[in-house]
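Please examine the sequence and structure shown here before reading on.

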Protein chains: 2
Amino acid sequence: MTSIFHAADANQLLADLPVAERDAFIATCETVQLTFGEVLYQPTQQVTHAYFPIDSFISQIAILVDSRLEVAMAGREGMLGISLVLGVEEAPLLALVQGEGQALRINAANFQRLLLSSPVLHQRLKRYLYVVMNQLANSAACIHFHRIEERLARWLLMTHDRAKTNTLQLTHEFLAMMLGVRRAGITLAAIALQTRGLIRYHRGEIIIIDRQGLIEASCKCYADDCALYSKMLIL
Amino acid sequence: MTSIFHAADANQLLADLPVAERDAFIATCETVQLTFGEVLYQPTQQVTHAYFPIDSFISQIAILVDSRLEVAMAGREGMLGISLVLGVEEAPLLALVQGEGQALRINAANFQRLLLSSPVLHQRLKRYLYVVMNQLANSAACIHFHRIEERLARWLLMTHDRAKTNTLQLTHEFLAMMLGVRRAGITLAAIALQTRGLIRYHRGEIIIIDRQGLIEASCKCYADDCALYSKMLIL
DNA sequence: CGAGTTATGTACGCTAGCGTGCCGACGCTT
DNA sequence: AAGCGTCGGCACGCTAGCGTACATAACTCG
């Protein structure tokens, strides 16, 4: 296990807890390595653990009969298994590891017990839950109204925030699944962003060149999401 | 104020509470009359009250810069002001009264105090919150993938469940705003549903003729929503 | 009754994105 | 070095839905 100090700092939801609560919490967690493509939850299945990503990140995907759509993403700023905060041990969404790395993992029963003994953590996670709900609601509108190009820019920014590098391992195929569009649609949008000098890409690798430009190319939803998170969860 | 018995029975979230908790809760509420078009919350504004609709129902609408989209609906099966359950006194969405009628209203401070003293209610509302989150996530996908006609059918069913009558007061204009599409788009979808003998309509009034047929015409999202609600909140 | 307002029908050209399929290029494996 | 699987560019015709605009038709109010 990594040092407590390091691990504590590594997840934003845990970082600013009172030392005693934080250490108690982290002592109950184990550090796990998540690998690309790993499925942490299947919808309607039982949630046995909550995850607090350190340097990994995870897409949460709604599944209709035959279509899939990413509706939320969790990295070191968030957590997985929020339904446990509501006392529900069922996963609503498919959780797919999109960025490899480590995460703190805690079993459901311990997690729920610790929530009761740590009001500060509990409150903080409820606020996070509020943020996520908001993002879900706004995402619905964003996905409906905004163009692929804007949505792609937003998505790259969200991923960039959670990965530590400018180089993202992503195929057009994968992006198409995330955004719920055709692969060819992604190709066109990617060409547009590359032509504008905002990204560069090549065979399963996308490099963020001009982050500020990407923000301008994305819909306001990106900035709104960030603003809400800061408002609710940054001290 | 209506009789406690009547009022208790009238909102599904409160109906099955232990008698003592229920009566304590309802005694703290006032019954208010909501009128069509009334705005209960503006996004980012402070939430001063929670509402438990009795025979009214309310649309919750996400607002982007220049577009609006209904993302959730609350009637006697639900509540408004769920963010208070999370200890957040801010409204994320525009809450617009869409069906006139009564609701129980409770002030935010009292509500939060009573939550602490009524674990059963608290748990029940957390489960409701889980259901709403799920609906938000699925709605995002539904809105993205499904046709106007299917979505319209679904929306009419949801409204029909919350209104008590087969006759709904709705203009195409209003429906267009709810679904985030053109008025003309609604007209076409409505014509299709009418031609199939599922609804009949005329100048601001839509009559549900064949509920079962509407269910078949709607996307599965309607049935899924209902199933989840039952699973989580019907004893 | 007549004027104004509101709700619905319809039509026009337009655009984003779809489904599909094909090709070439890259890079890994052997 | 050859072969194969993966990735991305591109092109085809097609559809849903857009923005707009205009015409009825139905109610409302004076």
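In this predicted model, the surface near DNA strand C is made up of five nonpolar, six polar and six charged residues. In total, 17 residues surround DNA strand C, and the closest are A:Arg182, B:His172, B:Arg183, B:Arg203 and B:Gly204. Of the atoms of DNA strand C that come within 4 Å of the protein, 52% belong to sugar and phosphate. Helix α8 of chain B, residues 183-195, gives the most to this surface, with four residues.

The surroundings of DNA strand D can be described in like manner. There are 17 residues around DNA strand D, and A:His172, A:Arg183, A:Arg203, A:Gly204 and B:Arg182 come nearest. Sugar and phosphate make up 55% of the atoms of DNA strand D within 4 Å of the protein. By class, the residues near DNA strand D are five nonpolar, six polar and six charged. The element that gives the most to the surface near DNA strand D is helix α8 of chain A (residues 183-195), with four residues.

| Backbone of residue | DNA atom | Distance |
|---|---|---|
| A:Ile148 | phosphate oxygen, DNA strand C | 3.2 Å |
| B:Gly204 | phosphate oxygen, DNA strand C | 2.8 Å |
| A:His172 | phosphate oxygen, DNA strand D | 2.8 Å |
| B:Ile148 | phosphate oxygen, DNA strand D | 3.1 Å |

Side chains also reach the bases. An N or O atom in the side chain of B:Arg183 is 2.6 Å from a base oxygen of DNA strand C, and a polar side-chain atom of B:Arg203 lies 3.4 Å from a base nitrogen of DNA strand D.

Technical notes: Residues numbered from 1 in each chain as written. Chains lettered and ligands numbered in written order. Predicted model: local features only at pLDDT ≥ 70, side-chain atom pairs only at ≥ 80, totals over all residues. Heavy atoms only, no water. Near = heavy atom within 4 Å. Polar contact = N/O pair within 3.5 Å; in protein donor to acceptor, adjacent residues only side chain to side chain. Helix = DSSP H or I, 4+ residues; strand = E, 2+ residues; numbered from the N terminus. Nonpolar A, V, L, I, M, F, W, Y, C, P; charged D, E, K, R; others polar.
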